[in-house]
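Hi there,

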Amino acid sequence: QVADLGCGDVCLLAILKYQKCIEELVGVDINEGRLKWNGLSPCVGDHLDPRELDLAITLYHGSVLEKDCRLLGFDLAACIELIEHFDSEDLAKFPEVVFGYMSPAMIVISTPNSEFNSLFPCAVFRDSDHKFEWSRMQFQTWALDVASRYNYSVEFTGVGEPPTGAEDVGYCTQIGVFRKKAEAAEMAVLEHHGEHVYEVVYTTSYPSLQQINYRRRVVIYLVYREVSRLRRKYQVSLRQDELEAEFIASGNQTGKFTSDLPVPVLTEDDKAMEMAPQPFCIEDKFYVPLQRIIAYPRLGHLCGNVEKLREFLGDMIELNCDGSAVKVDLNDCSDF
């Protein structure tokens with residue numbers, strides 16, 4: 001769970017949605033007009049190749065200085081170039097709401113480093129809405145005090161290297177990374193009830209393999225692909241045998257048989273499945289045991305066992321009479 005407080009045009013959320021470990025993204029901004037969500041909606045590719053985990057994205061119109069129980073206990077809260085927009089009264093409220101009430105496991109706060117401003121021509125503040133811009137000492141003093149009051153640790157870093165010869169001014173933007181101390185995390189009791197003061201302006205969810213319809217669709221596609229690959233490999237080996245037999249029948253006793261057919265390249269998955277039951281052919285039917293299919297790592301992860309694989313396949317793919325193998329025509333590729 002990640003919240004971007006003061007998310008503005010949601011550029012950060014649009015980047016974070018690609019992180020596979022994230023299951024919930026929330027953006028909050030007091031300026032409703034700045035909230036854009038064109039880059040947050042699922043696209044065709046998200047349906048064709050679903051995420052492993054669910055992902056929900058919500059944008060709220062509201063002030064980060066107000067308490068809303070829907071933001072309690074997140075894993076990470078990002079406050080990127082936010083605090084310098086607060087006046088002294090709002091800055092005093094900010095730690096109590098974010099650190100004390102929301103109480104995420106980690107908080108990342110960035111703010112301009114005023115010492116770097118000397119490198120900008122005619123720069124007082126970098127934005128007309130900034131109420132202050134701190135030096136490194138001022139920011140670190142504030143951050144250490146807040147961390148101490150709310151039982152967090154804090155480390156300092158930044159982005160934007162100074163040019164050669166001006167290294168003493170530090171980073172262009174300074175960053176504090178706050179982590180809740182272990183004892184504080186154990187003591188925290190989250191009360192997920194209370195006021196909903198933020199207004200929802202946008203919400204969406206992404207297809208994922210946690211959703212049974214998408215998981216089944218991916219399983220069927222992978223089985224199609226694996227059976228087709230194995231059938232092609234079997235056909236090549238049959239043709240290789242035929243050519244070798246023709247070569248011997250021609251009476252050529254001196255030359256060595258060579259074939260221009262492509263030699264199947266063993267993948268790592270092929271090597272890992274050497275012990276799995278082998279495909280076989282009865283007359284014009286080609287069979288691939290489900291035990292071999294489930295040995296394919298991706299399918300093993302998605303299905304877990306043969307019974308679940310058989311359930312996913314349902315009536316979409318033909319099985320043999322005892323349901324132990326996929327059954328296809330050896331020479332008719334139209335079945336896929």
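First, a term: on a 1 Å grid over the protein atoms alone, a cavity is a set of points where a 1.4 Å probe fits but cannot get out, whereas a pocket is an open set with protein on both sides within 12 Å along at least five of seven lines; a residue counts as lining if an atom of it is within 4 Å of a point. Points are joined across faces, edges and corners, and the volume is the space filled by probe spheres set on them.

Please keep in mind that this is a predicted model, in which local features need pLDDT of at least 70 and side-chain atom pairs count only at pLDDT 80 or more, while totals for chains, interfaces and linings use all residues. Residues are numbered from 1 along each chain as its sequence is written, and side-chain values use heavy atoms, with hydrogens and water left out.

**The cavity**

Searching the whole structure gives one cavity of 30 Å³ or more. The volume of the largest cavity is about 30 Å³, and its lining is made up of Ala 3, Leu 5, Leu 71, Phe 74, Ala 77, Met 102 and Pro 104. That lining has seven nonpolar residues, with no polar and no charged ones. Here nonpolar covers Ala, Val, Leu, Ile, Met, Phe, Trp, Tyr, Cys and Pro; charged covers Asp, Glu, Lys and Arg; the others, Gly among them, are polar.

The largest pocket holds about 530 Å³ of space. It is lined by 23 residues, and Gly 6, Asp 29, Arg 34, Glu 81 and Leu 82 are the closest to its centre. By class, the lining has 10 nonpolar, six polar and seven charged residues.

The second largest pocket has about 300 Å³. Among its 13 lining residues, Lys 20, Asp 49, Pro 50, Arg 51 and Glu 52 lie nearest the centre. Seven of the lining residues are charged, five nonpolar and one polar.

**The sheet**

Strands here are DSSP runs (E, at least two residues), numbered from the N terminus, and two of them pair if DSSP finds at least two bridges between them. Three strands form an open sheet in the order S9-S10-S11, with antiparallel pairing. Strands S9 (280-282) and S11 (325-329) each have a single partner strand, so one side of each is left without a neighbour in the sheet. S9 is joined to S10 (residues 285-289) by three bridges, and Cys 281 has Phe 286 as its bridge partner in S10.

Best wishes

Note on methods: Helices (H or I, at least four residues) and strands (E, at least two) are DSSP runs, numbered from the N terminus.
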